[in-house]
Amino acid sequence: MDGFFIKFVDEQYIDGMINGTYFFKNLSYFKNQPDAIDDSGIMDSAEGLYALHLENSEDRVTIYLGLPEVEKHIAIMSLVYLAKSDFINNLKNNKMKIKPEVINELRNISNGRPCFIVPCNEILDQIKNHDFSGDNVKSCYDGKTRYYERGNTNQLLSEMDYKEVIDLYFKKRSTYANQREYRILLETVDEFTDRTIEFKDKLKSIVRYDSFEDLAQFEY
C-alpha cells in the first residue's frame, strides 16, 4: 500500500509505540465523550452506529442504532493515512513534502501531541505477521475509514451478515473526513477492554516529530 501513516501519541507513550507497543481503545472511549470534545472534530458520538437513511418526497430521516453485542468487543487504533495526492514536489531539492493545507488540517487531531510518520507497508506488515492468539483477540481487521453524508448503509440490519456489520466500524460521518483515518480494529474475547499489543517486528523507516507543525520538515 503506497503512502504514509502518521500517529499522534501522548508524550509518555510515543517511545513505546516507536518500539512496537500499540494501544487499542475500546469503542466506548470514542463514543462516550463530552460534546465539547466531539465538536472539536476529534471524537464521533455516532461511532460504530448502524445509520440507515430513509428518504421520500417529504421527509429525510436517519435511524441510528447501537450494536451492543458487537461493539463491546471492538478495540480500535487509528492512524492518519496520507496518499501521494497529499504531497507536493519541493522544487528546491526535487523531493516530496506534505502539502501545507494538509498539515493545517491535522491541527485538531494532533491536540499538541508528538507524532511519528512511517511508510504504510511497515505497519501493515507488522499486523499481517503478528499472531494475535496470545493477546486474547479473536480477529484483526484493517482498512481505510469511509465517510458518509446521510447514512452508512442502505441495508436493513436484519439482512446484514457479520462481515457487513464489522464494516460499519470503518465508516464515519463526513464531518470527520479531514482526519484521513485508517483503522486497525481488534475483536477482543472479553468485553469493554482496551488492549496493548507488543509487535516483534520493529519499524525501520520511522521519523518522529514533536508537533504537527514539524511534519512540514518531512520529505521523501
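The largest pocket of this predicted model is lined by 32 residues, and those nearest its centre are Lys-7, Phe-8, Tyr-29, Phe-30 and Arg-113. A pocket here is an open set of points on a 1 Å grid over the protein atoms alone, with protein on both sides within 12 Å along at least five of seven lines, and lining residues have an atom within 4 Å of a point. The space in this pocket comes to about 820 Å³, a volume being the space filled by probe spheres set on the points, which are joined across faces, edges and corners.

Before I continue, a note on conventions. Residues are numbered from 1 along each chain as its sequence is written. Because the model is predicted, local features need pLDDT of at least 70 and side-chain atom pairs count only at pLDDT 80 or more, while totals for chains, interfaces and linings use all residues; side-chain values use heavy atoms, without hydrogens and water.

Which elements build the lining? At least two residues each come from β1 (4–8), α1 (11–18), β2 (21–26), α2 (27–31), β5 (74–82), β12 (181–188) and β13 (195–198). The largest share, five residues, belongs to β5. By class, the lining holds 16 nonpolar, five polar and eleven charged residues. Nonpolar covers Ala, Val, Leu, Ile, Met, Phe, Trp, Tyr, Cys and Pro; charged covers Asp, Glu, Lys and Arg; the others, Gly among them, are polar.

Turning to the chain as a whole, there are eight helices and 14 strands. These are DSSP runs numbered from the N terminus: helices are H or I with at least four residues, strands E with at least two. Of the 220 residues, 45% are buried, meaning under 20% relative accessible area with a 1.4 Å probe and protein chains only, whereas exposed means over 50% and partly exposed lies in between. Among contacts (heavy atoms within 4.5 Å) between residues at least 6 apart in sequence, 80% join residues at least 24 apart.

Arg-208 is found in strand β14 (residues 207–209) and is partly exposed, because its relative accessible area is 33%. Setting aside residues up to four places away in sequence, Arg-208 touches Glu-11, Ile-14, Asp-15, Ile-18, Cys-115 and Phe-116. Its C-alpha atom is separated by 6.6 Å from that of Ile-117, 91 residues apart along the chain.

Finally, the cysteines. How many disulfides are there? With a disulfide taken as a pair of cysteine sulfur atoms within 2.5 Å, the count is zero. Cys-120 is buried because its relative accessibility is 0%; Cys-140, at 25%, is partly exposed.

Conventions. On a 1 Å grid over the protein atoms alone, a cavity is a set of points where a 1.4 Å probe fits but cannot get out, and a pocket is an open set with protein on both sides within 12 Å along at least five of seven lines; lining residues have an atom within 4 Å of a point.
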